Amino acid sequence: MAPEGFEFKLISLNNLPVYNQDFDDNHEVPEAYTVFSKEMSAVDGVIFITPEYNRSVPGVLKNAIDVGSRPYGKSIWNAKPAAIFSNSPGNLSAFGANHHLHQSLVFLNMPTMQQPEVYLPKVHELFDESGALKDGSTKEFLQKAVDAYITWLKKNAL
Ligand SMILES: Cc1cc2nc3c(=O)[nH]c(=O)nc-3n(C[C@H](O)[C@H](O)[C@H](O)COP(=O)(O)O)c2cc1C
């Protein structure tokens with residue numbers, strides 16, 4: 001879905017130990033933090049695609065945000081243009097996670113696309129057996145959202 005001149009990269013949140021400030025204080029930062037922060041620093045912007053756990057962001061995503069935000073004053077998130085696409089197997093589309101995430105991104109100074117809001121209900125029905133996104137109105141909407149994000153990114157480029 002990326003227009004010419006842009007590409008998307010999936011950045012894994014796997015294997016990030018739970019953030020602990022002692023790592024910074026003792027200069028014993030886990031290798032996984034360094035790999036993640038390097039990868040994230042190298043991209044021009046971030047689309048957070050998240051489900052919802054107990055009406056908020058899954059801990060694994062919050063942990064990744066915390067990891068990238070430290071050491072203090074060296075946040076990898078600062079000024080990176082962002083968007084939030086939330087999804088759920090039910091109808092509510094992770095509204096709670098979406099808006100809790102906005103709250104963190106305000107603090108992290110990430111200019112975040114306001115419109116279109118992207119809430120994806122019944123997400124398990126959107127993909128075919130090979131894992132590809134099915135044609136239809138959601139795919140068309142997502143293309144519009146991605147195009148809007150690219151415009152947002154260009155306006156807010158670092
Ligand atoms: C601990 C837990 C809490 C959940 N809480 C919510 C919730 O608040 N809202 C919701 O829509 N789905 C909730 N779900 C269902 C998730 O949306 C669903 O499991 C989804 O597939 C999670 O994505 P993941 O498989 O990438 O972790 C919850 C699932 C788990 C395991």
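Reader: How many aromatic pairs does the structure hold?
Author: In this predicted model, local features need pLDDT of at least 70, side-chain atom pairs count only at pLDDT 80 or more, and totals for chains, interfaces and linings use all residues. Residues are numbered from 1 along each chain as its sequence is written, and side-chain values use heavy atoms, with hydrogens and water left out. Rings of Phe, Tyr and Trp (its six-membered ring) pair if their centres lie within 6.5 Å. The number of aromatic pairs held by the structure is five.

Reader: What kind of aromatic pair do Phe-23 and Tyr-33 form?
Author: Planes under 30 degrees apart count as stacked, over 60 as edge-to-face and the rest as tilted. With 5.9 Å centre to centre and 75° between the planes, the pair of Phe-23 and Tyr-33 is edge-to-face.

Reader: How many residues apart are Phe-23 and Tyr-33?
Author: Helices (H or I, at least four residues) and strands (E, at least two) are DSSP runs numbered from the N terminus. Phe-23 is in helix H1 (residues 21–25) and Tyr-33 is in helix H2, so the pair links distant parts of the chain. The separation of Phe-23 and Tyr-33 is 10 residues.

Reader: Is Tyr-33 buried or exposed?
Author: Buried means under 20% relative accessible area, exposed over 50% and partly exposed in between (1.4 Å probe, protein chains only). Phe-23, at 22%, counts as partly exposed. Tyr-33 has a relative accessible area of 4%, so Tyr-33 is buried.

Reader: What kind of pair do the rings of Phe-95 and Tyr-119 form?
Author: The ring centres of Phe-95 and Tyr-119 are 5.7 Å apart and their planes are at 35°. The pair links helix H4 with strand S3 (residues 118–120), 24 residues apart. Relative accessibility is 46% for Phe-95 and 22% for Tyr-119. By the angle of its planes, the pair is tilted.

Reader: Which residue has a backbone N or O atom 2.8 Å from a nitrogen atom of the ligand?
Author: Pro-51, Glu-52, Tyr-53, Asn-54, Arg-55, Ser-88 and Pro-89 surround the ligand (a heavy atom within 4 Å). Glu-52 has a polar side-chain atom 2.8 Å from a ligand nitrogen atom, and Tyr-53 has one 2.7 Å from a ligand oxygen atom. The residue with the backbone atom at 2.8 Å is Asn-54.

Reader: What is the phi of Asn-54?
Author: Asn-54 is in the loop between S1 and H3. With a relative accessible area of 79%, Asn-54 is exposed. Most residues other than glycine have a negative phi. Phi of Asn-54 is positive, near 50°.

Reader: Which residue does a cis peptide bond join to Gln-115?
Author: A cis peptide bond joins Arg-70 and Pro-71, and Pro-71 lies in the loop between H3 and S2. With omega about 0°, the residue joined to Gln-115 is Pro-116.

Note on methods
A polar contact is a pair of N or O atoms within 3.5 Å; within protein, one must be able to donate a hydrogen and the other to accept it, and residues adjacent in sequence count only if both atoms are side-chain atoms.
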